[in-house]
Amino acid sequence: MDYRIGRFRVLAAVLAGMVSCAAAPAALAAPDDERGRSLVRLVRQDCGACHGMLLTGGLGPALSPDALRDRPREALVATVLGGRPGTPMPPWRGLLTEDEAGWIVDRLQAGFPER
Amino acid sequence: MLSVLLRAIAALALGTSLAGCAGGGAALRGTGDLGVVIERADGAVLVVENSTRSILGRIDGLGDLSHAHAVFSRDGRYAYVFGRDGGLSKLDLLTRRVAARVMQAGNSIGGAISQDGRLVVAQNYDPGGIKVFDAGSLELLADIPATHGDGTLRSKVVGLADAPGNRFVFALYDAGEIWIADLSQPRSPRITRFPGAGRQPYDGLVTPDGRHYLAGLFGEDGIAALDLWQPQPQLRRILSGYGRGEQRLPVFKMPHLRGWAVAGRRAYLPAVGRHEVLVVDTETWQEVGRIPVKGQPVFVMARPDGRQVWINFALPDNGWVQVFDTLGGKIVASLQPGRAVLHMEFTARGDEVWMSARDDDRVVIYDTAHLARVGEIAARSPSGIFFASRAARIGF
């Protein structure tokens, strides 16, 4: 219950805040440039809080192409959206759409953009 | 006559060399009014001055400074900056130069300085453990791997804090242990282990009097505590089950305990995954209250006099900062200093607080008496702010 209220809060805050700078709503198959840039920033800065800004690892493991290239894409997308219960990896569903999580995973596996 | 002349020449020579040291002929000065701001995305550090709210200089080339942390030499002249990539840099605040630098690990999370100022200790994720350096030369004096299990596993180290007697206390994230390293003989450290501290300790702190070490737990609701005044400290669990078994919110950013809040005999601690600050009596270590707040607290910091407690938050509430009045017992302000407020630092006597607004590329300065914005300085993706007054405080 607590959790769901939290999720809605999160969603509302995201719509009001993070996405306000984007030209289009969050649910896009391929994020446009604006949203793409804010996703890159989110990954570097906010995922970076646990995985390192250079994604070389921190409390969470490295998210470098070497670490992720051979991992099944769908499993990684599921981890990003659902988190890993029992570990600090939080579920990002609510903050990220499936398409966005897929977009991030594709780029993590290929080599994540700087900015 | 000759001796007067010689003295004059000597004075002249000394004068020029001092001017040379101070980077371009600056006047003699102290460092009590100075500090550093980490520019996390650029691997740079700004040297700032409190009274003029200005930047004195920038020191570049310090590597990956995401999650960088700084401690100060006793005289406040040098800042030791611990980078994520394992770089440890000793910066001279007066000349704005790198006085010494070593790469000491693959992945590091911060450090501490000893009570006598002679030892600088880094806490590392990879390879998991702590390393002890001579504060003067940065020569490695001891390497203490955080081994656990059958002795081949190494744990990430979190929550390193300096304690009286040249001791350092830290927690093993992967092993759920707390260790005390007695470094009174730096080259032969004596380790006391406390297994069973609790699941996934994520950060730790020592109280301002150096007496109690607390490690926050991520894997369960509670805090592990050690009374360092006891000849044989015993592990204790406080605030057990503070979540009352309710489902917590997803945690998008780990709370920090260092720089925590003690005001009078009360301690204010972030609740993991909840929109609450826990209030604890430091005599009994019983919970005496909870403060509902705007989001999940990250830093809960007392103004140096303890009258106010300032709180910032994890995503998505990281544009907010709330101020709790410890006398009136209520939140007296909800401020929006900027986007992505990562850190707050009070001036030595607490008249001002400096806050980094990462996504606005600036440090925003508030007057704490009137809760009014009084200035700002430009900084690229600022994160940690550390003032030299930390030099004199245990646990900072």
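User: How do the axes of helix H4 (residues 73-82) and helix H5 (residues 98-110) of chain A cross, roughly perpendicular or oblique?
Analyst: This is a predicted model. The two axes come within 9 Å and cross at roughly 120°. Roughly perpendicular covers 65 to 115 degrees. H4(A) is therefore, relative to H5(A), oblique.

User: Which residues of H5(A) make the contact with H4(A)?
Analyst: H4(A) passes H5(A) in a right-handed crossing. From H4(A), the contact uses A:Arg73, A:Leu76, A:Val77, A:Val80 and A:Leu81. On the side of H5(A), the residues are A:Glu98, A:Ala101, A:Gly102, A:Val105, A:Asp106 and A:Gln109.

User: How does helix H2 (residues 33-51) of chain A lie against H5(A), roughly parallel or roughly perpendicular?
Analyst: Their axes are 11 Å apart, and the packing angle is about 65°. Angles from 65 to 115 degrees fall in one class. H2(A) and H5(A) are therefore roughly perpendicular.

User: Which residues of H5(A) meet H2(A)?
Analyst: The crossing of H2(A) and H5(A) is right-handed. H2(A) brings A:Arg35, A:Gly36, A:Leu39, A:Val40 and A:Val43. By class, this contact has 6 nonpolar, 1 polar and 2 charged residues. The residues of H5(A) that meet H2(A) are A:Glu100, A:Trp103, A:Ile104 and A:Leu108.

User: Which element gives the largest share of the lining of the second largest pocket?
Analyst: This pocket has a volume of about 590 Å³. Of its 30 lining residues, the closest to the centre are A:His51, A:Pro61, A:Leu63, A:Thr79 and A:Met89. H2, helix H3 (65-68), H4 and H5 of chain A each give two or more residues to the lining. The largest share, 5 residues, comes from H2(A).

User: How many residues of the lining of the second largest pocket are nonpolar?
Analyst: The lining includes 5 polar and 3 charged residues. The nonpolar count is 22.

User: Which element gives the most to the lining of the largest cavity?
Analyst: The structure holds 2 cavities of 30 Å³ or more. The largest cavity has about 750 Å³ of space. Its lining has 43 residues, and B:His67, B:Ile109, B:Lys253, B:His256 and B:Phe299 lie nearest its centre. The most, 5 residues, comes from H2(A).

User: How many residues of the lining of the largest cavity are charged?
Analyst: The lining includes 21 nonpolar and 14 polar residues. The charged count is 8.

User: Where is B:Pro127 found?
Analyst: Most peptide bonds are trans. The bond joining B:Asp126 and B:Pro127 is cis, with omega about -5°. B:Pro127 is found in the loop between strand E9 (119-126) and strand E10 (129-134) of chain B.

User: What is omega for the cis peptide bond that joins B:Leu315 and B:Pro316?
Analyst: B:Pro316 lies in the loop between strand E27 (308-313) and strand E28 (321-325) of chain B. For the cis bond that joins B:Leu315 to B:Pro316, omega is about 0°.

Conventions:
Residues are numbered from 1 along each chain as its sequence is written. Chains are lettered from A and ligands numbered from 1 in the order in which they are written. This is a predicted model: local features need pLDDT of at least 70, side-chain atom pairs count only at pLDDT 80 or more; totals for chains, interfaces and linings use all residues. Side-chain values use heavy atoms; hydrogens and water are left out. Axes are lines fitted to C-alpha atoms, for helices over the stretch in contact, and angles run from 0 to 180 degrees between N-to-C directions. Helices (H or I, at least four residues) and strands (E, at least two) are DSSP runs, numbered from the N terminus. Angles under 35 degrees count as roughly parallel, over 145 as roughly antiparallel, 65 to 115 as roughly perpendicular and the rest as oblique. A crossing is left-handed if the near helix is turned anticlockwise from the far one by less than a right angle, and right-handed if clockwise. Contact means heavy atoms within 4.5 Å. Ala, Val, Leu, Ile, Met, Phe, Trp, Tyr, Cys and Pro count as nonpolar, Asp, Glu, Lys and Arg as charged, and the others, Gly among them, as polar. On a 1 Å grid over the protein atoms alone, a cavity is a set of points where a 1.4 Å probe fits but cannot get out, and a pocket is an open set with protein on both sides within 12 Å along at least five of seven lines; lining residues have an atom within 4 Å of a point. Grid points are joined across faces, edges and corners, and a volume is the space filled by probe spheres set on the points.
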